[in-house]
Amino acid sequence: MKNHNRGVLIVISGPSGAGKGTICKALLEKNPNLFISVSATTRKPRLGEEDGVNYYFLTKEEFLDRIASDDFLEFAEVYGNYYGTPKSTVEEMLEKGWDVILEIDIQGALRVKENAKDGVFIFILPPSMEELKQRIIKRGSETQESLMTRFKAAYQEINYVSKYNYAVVNDTVGEAVRKIESIIQAEKCRVDRIKEKILDSKEGLIHEQLYD
Ligand code: 5GP
């Protein structure tokens, strides 16, 4: 029997500096019914980042062990480091009815899309390429070289917007969050998502009235 209360899987990607992290944080603060998946990575923690909160920080060996145990829903190598989404937590939370957000790169999102046909794929765009550059510079955590790598990658990545269901321009965080909330609400009203629930509850009601 299908779990009618299963949550919605929401995948958010976009070039680095588009503001995904800030948007997801604000989205979570406003919506306690949302769960954000904490990824594993082999990247070193940035200042202020905490193990188990921002990421699970693993060694390369630990990460490879997890791949071998099939622990990831998807994983990808991004800027020389591995990143992966823990499979069991995401599945558990969806089954419990939580809407789960994955904030992952494009390669990972495309892999998830192959298996999770009912996922909602949202691409965050910067207001302009100039603004994107300024945001990457302001972040200040990158060396000059990795800054250029990220900027060039961003330029290429924007071409993948056509693989996503929705594009949200991050002019202001508040507005972007409002748009994503509307997308989630609309998705929860989609007939192909809820028709079985509606029909089953109709049957249940008739059954109750006739036989109870
Ligand atoms: P950062 O190092 O700036 O935290 O993240 C770099 C990139 O890795 C971002 O585009 C981010 O969305 C992506 N990323 C974070 N976690 C995952 C994950 O679990 N899987 C994949 N495929 N990408 C991830």
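Q: A polar contact is a pair of N or O atoms within 3.5 Å, where within protein one must be able to donate a hydrogen and the other to accept it, and residues adjacent in sequence count only if both atoms are side-chain atoms. Which side chain does that of Asn31 join in this way?

A: The side chains of Asn31 and Glu181 are joined by a polar contact of 2.9 Å. This is a predicted model, in which local features need pLDDT of at least 70 and side-chain atom pairs count only at pLDDT 80 or more, while totals for chains, interfaces and linings use all residues. Side-chain values use heavy atoms, with hydrogens and water left out, and residues are numbered from 1 along each chain as its sequence is written.

Q: Where does Asn31 lie in the chain, and is Asn31 buried or exposed?

A: Helices (H or I, at least four residues) and strands (E, at least two) are DSSP runs, numbered from the N terminus; on that basis Asn31 belongs to the loop between α1 and β2. Buried means under 20% relative accessible area, exposed over 50% and partly exposed in between (1.4 Å probe, protein chains only), so Asn31, at 17% relative accessibility, counts as buried.

Q: How many helices and strands does the chain have, and in what order do the strands of the open sheet stand?

A: The chain has eight helices and nine strands. Strands of a sheet pair through backbone hydrogen bonds, either parallel or antiparallel, and two strands are taken as paired if DSSP finds at least two bridges between them. Here five strands form an open sheet in the order β2-β7-β1-β8-β9, with parallel pairing. The edge strands, each pairing on one side only, are β2 (34-36) and β9 (166-169).

Q: Which bridges link β1 to β7 and to β8?

A: Four bridges join β1 to β7 in parallel, with Ile10 opposite Ile101, and another four, also parallel, join β1 to β8 (residues 120-125), where Phe121 is the bridge partner of Val11. On the β2 side, β7 (residues 99-103) runs parallel to β2 and is joined to it by three bridges, with Asp99 as the partner of Leu34.

Q: Which residues of β1 lie on each face?

A: In a regular strand the side chains alternate between the two faces of the sheet. In β1, Leu9, Val11 and Ser13 are on one side and Ile10 and Ile12 on the other, and all are buried. Across the chain, 38% of the 212 residues count as buried.

Q: Where do Pro15 and Ala18 sit, and what do Pro15 and Ala18 touch?

A: Pro15 lies in the loop between β1 (9-13) and α1 (20-30), and Ala18 is placed in the loop between β1 and α1 as well. Pro15 counts as buried because its relative accessibility is 0%, and Ala18 counts as buried because its relative accessibility is 0%. Contact means heavy atoms within 4.5 Å; leaving aside neighbours within four places in sequence, the contacts of Pro15 include Lys20, Phe123, Glu157 and Ile158, whereas Ala18, not counting residues up to four places away in sequence, touches residues including Leu125, Arg135 and Asn170.

Q: Which residues does UniProt list under "binding site"?

A: The unreviewed UniProt entry lists Gly14, Pro15, Ser16, Gly17, Ala18, Gly19, Lys20 and Gly21; such annotations may be inferred rather than shown by experiment.
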